[in-house]
Structure formats: C-alpha cells, structure tokens
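We will go from stop to stop, picking residues and looking at what surrounds them.

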Amino acid sequence: MEEFSQKFLSNKSKQNLFLVEQNIEAPLVDALEKNLLNPPIQFHIPGHTKGSGLLNRFKKLLEKGALLDNTDEFNSFGTLHPATGPVKKAQELMAQALNAKNSYFLLNGSSIGNFAIALTCLKPNSNVIIGRNCHRSVITGLIMTGANPIWINPQKHEDWSIWGEISPYVIEKELKKNPTTSMVWITSPTYEGVVSDIRAIAEICKKHNVILAVDEAHGALWNFSDKMPTSALQLGADVVVHSMHKTGGSFSQSSILSISHSSKISEKIIENNLRLLHTTSPSVTLLASLDAARAYLQSIEGKENIEKAIQFANYIKNELKNFPKVLVLTEQDGFKLDPARVYIMIKNLCGRRIENILKTDYNIEIEASTDNGILILSNIGSNFDDVKILVNAIKDIASQNYADISHLENYKFMPLLNPEIKISPKEAFYKGFEIIETNKAVGKISADLIAECPPGIFVLTPGEIIKKEHLPYLVNYKTLKVVKED
Ligand SMILES: Cc1ncc(COP(=O)(O)O)c(C=O)c1O
C-alpha cells in the first residue's frame, strides 16, 4: 500500500498539476472567476449582497472553504429528516423567531415548500383556489397531486404591467361557488411587493373551513422588523413559505416552510412529505446559512440593516419620484407595498431595455424587469454608495435619448392573461405530447408549463388552450409541446 501511494505521489509530482488543470474545461468555474474580477453593483437576490449582510461568525467560517462541505448525519451536525441535534435546535430557533408552531429548513428553495404544501393538503381532484400570479412550483404541485385549480385573478394593473392584490371578496365569491374547495393558495407579496389583505382572507377561509396557504417567498424579512408588513403567519394563514435566500441573507436555495400556531395542518404529515421530497444528502453549509441568517436578523447589526434597506428604498423613491420621465410605484397609487422593493418605469423605455442599459452601460444588475418597469431590491447587504450610483444612473438614462425598438418586436413579458382550462394539469402532463410550430399551436392544449424566471409566473400551464393572445409571450419559442390528440 505504502509502495503504491509513493508511486502515485511521485507520478503526480512529475506533472505540473496547475498546467494539467488549465487544460481541462470548467466553464462554470471560469464564469465564477470572471464574475469576481468585475462584480456588478447588485440590487437583486441573494439579499446578503456579496456577504455584506452576513453574520460575522459565519463569514469567518466561510473562509475555510471546502472544509465546511459536509452533509448531515456525520460529525454531530444532527439530521434533517427526522430533525435531530443542532439541525433540530436551529429549526426550533427559526420557529421562535417567526412565531410559528413549526418551521422546517428547505433545500431546493421555496419550490420544495410548495410541493410539500400540495402533497400535504391536496388529493387527486381536490379543488384549490389559486391566485393566477403564483409561482411555477405551485403548478408542479398540481401535477404531482392531480388537484384542479380554480384560478382567481389578482387585480391587474396593465399600466404598470404588474399583478396587484388578491381581493378577499373574490375569494369569498369563489368559495361560495365551489363549496368542496380544499384550500386557498395565494402569493403575497407579489414579486413587485404588493401585499394582499391576508387577515381578511384568513377570516373568510376559517368561515368556510378551508386551509389557507400563503406563498410569502418574497417576505422573508417581515418577521424580523415591525417596519415591515405583518407576516401571514401572524394573520391566520395555516402554512407559509419564505425564500430566506432571496432577501433574508441565507444562501441560494435555502428556504423555510412554517405552520402557524392556529394551523389545521398536521406537522407529522408535512414532515413526512418533506422527507419524501428532500435530498438525503443535505448540505450543512446551506442549513447553517439559514441558522446564521436568523441569528443575524435578530442581531443589532441585522436589525439596523433591515432599517437601512428601507431607508435606501425610500431614498431611491424620493429622488426619482419627481424626476422627469420616471414613474415610481408608491402606496399613493393605492397599493400596500413591501418597503424594501422599488418598482419604477421610465417613459418610452420598456423594462427589459432599462435593465439592459443598466447592465451594459453602468454595470448595475437589478432584480427583474416587466414589460413596462424594473424591480430593484434594496437589501440588508446594500450600501449607500451603490444606491447613489443607481439613482444617478437612472436619472442619466431618463435624461438621455436612449432608443427603444421593443414595440416593433411584439414581445411581451409579464403574463396578465385569463386561462381557458380544458383538462387538469396532471391529465395534460401524462397524456403524452407532440411538438409543433408555435404559430400552428393556437387552439391546441398546452402540455407544458411555460414560465420564464424571473418572475416564474406562467404564460401557459398544462391543460390550457393556447390562444392568439399568448403568442407575444412566446416569441422565444419556435415550437411548443401540445397534448396529443386522441
Ligand atoms: C412567489 C414565489 N414563490 C416561490 C418561488 C420559488 O422560490 P425558490 O426559488 O426559493 O425555490 C419563487 C421564486 O422566484 C417565487 O417568486
């Protein structure tokens, strides 16, 4: 054995390891290296913003690099399923911080939280009332379970090209029309930060004895500051997901699923379903990043940084709201908004064009664009120098004569359409599909879920009729998957 290892080492040492590595392709590693050389100014997820909004102890640990890479089970970390040891304790501390009955750490983001909600609360042919602006993971939940969506539209704001709040009145109307509904499933806040009246919706759901699930993916900071809107966990929802990695400062793909103290959902069943869905090799670093984010947001620095994020957002809004050609979404427009998200439009420029100019001419990256506007995240890791650069860049863009030919492209981005459902998502998924040219697909049933990320809000779900109105959203699709005809 010793002989072998010596031979092995001596063989290796004959080579110049560095040169050997240079000859092997690693494109993603290249991209990471390049990104570090010229990092863009960041107003998007993840909210820790290159480590500025991280617990110092955790940041120090991260300097150890690969030494941190562990899965649960070994080295006394405890296990994720069932939750034991430090993992269990960290989840309990998270539940306390969120004032939840139970919180569960998620890998694979809030997406897996939505899958688990579906598996736990829905059955084949269950009726579920869902806001049309839900994330694509909700549709996956429908495909997995065979439940039938009853779609409700939030308010539409075509002028801003965003979805608004979900009306409690509309929910009540649908519940009366569909008395066998098992669950109401809504997204609040919306991607652009519009908050729905969850208290009123929860009361209606209680009256009709149905579960209320709230996708609060974008509200991960809310339980950590009284300057933020109140979380659905405190307003009567049964189950809530938070993408802690988006704004809460944990690492990408780490999220939380929580059930409230008043929840009708069995924790045993939800735990079991999470176990069915999760990897059996959870990354301890990702789990620890959730623990670190919770601790940071409870610390003085973390709390100050939430306040700063709100102040920076207010600064951006105040600087821009009276600037020629710029329009800023504010509560005066009749919306209740997350105070750390900023949505703006520049007259005569579509959202994608503004996003592209910011990236190419100013090296600034924002969270997302819609047909008309852009979404800027002011994060716990943001700093004032960057905020001033962003404001100046937007003023600059609004003052110049940038051209925008997007009106010639007949290309739309933020779907605000009414669906016509032919068969359930599960039936469409399993019926088999054929691929046809997009312009020949009108009138056929979609077999595919078409939703660009961000925001992951769909144009078509499996089982819906493809119509002419969809075509401007499908410009980048030469072909579509349609359900095979019998
Ligand atoms: C409303 C909403 N829910 C769920 C998700 C999925 O979250 P994750 O990326 O954490 O899986 C997203 C992602 O953008 C989202 O916008």
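In which loop does N125 lie? Select N125 and you will find it in the loop between α6 (109–121) and β3 (127–131). Keep in mind as you look around that this is a predicted model. N125 has a positive phi of about 70 degrees, although it is not a glycine. Most residues other than glycine have a negative phi. N125 counts as partly exposed because it has 13 C-beta neighbours inside 10 Å.

Next, select N348, in the loop between β12 (341–346) and α14 (351–362). Here again phi is positive, near 70 degrees, in a residue other than glycine. N348 is partly exposed, with 13 other C-beta atoms within 10 Å.

Stay with the backbone and move on to two prolines. Pick I45 and P46: the peptide bond from I45 to P46 is cis, with omega near -5 degrees. P46 sits in the loop between β1 (41–43) and α4 (56–62). Then pick S188 and P189, where the peptide bond is also cis, with omega near 5 degrees. Look for P189 in the loop between β7 (181–187) and α9 (198–207). For context, most peptide bonds are trans.

Now for a strand. Select β2 (residues 102–106): 5 of its 5 residues are buried, so the strand is largely enclosed by the rest of the structure. Show the side chains, and N102, Y104 and L106 point one way while S103 and F105 point the other. To see one pairing, pick S103 together with its bridge partner in β10, S258.

From there, turn to the nonpolar core. The largest one has 131 residues, and V184, W185, A213 and A237 have the most contacts inside it. Centre on A213: leaving aside neighbours within four places in sequence, its contacts include I117, C121, M183 and D238. Which helix gives this core its largest share? That is α12, with 8 residues.

Select V87, A90, L93, M94 and A97 of α5 with L287, L290, D291, R294 and Q298 of α12 to see the residues that make the contact. Coloured by class, they show 7 nonpolar, 1 polar and 2 charged residues.

Key:
Residues numbered from 1 in each chain as written. Predicted model: local features only at pLDDT ≥ 70, side-chain atom pairs only at ≥ 80, totals over all residues. Contact = placed C-beta atoms within 7 Å. Helix = DSSP H or I, 4+ residues; strand = E, 2+ residues; numbered from the N terminus. Nonpolar A, V, L, I, M, F, W, Y, C, P; charged D, E, K, R; others polar. Core = buried A, V, L, I, M, F, W, Y, C linked by C-beta atoms within 7 Å. Buried ≥ 20, exposed ≤ 12 C-beta atoms within 10 Å, placed from the backbone. Pairing = 2+ DSSP bridges.
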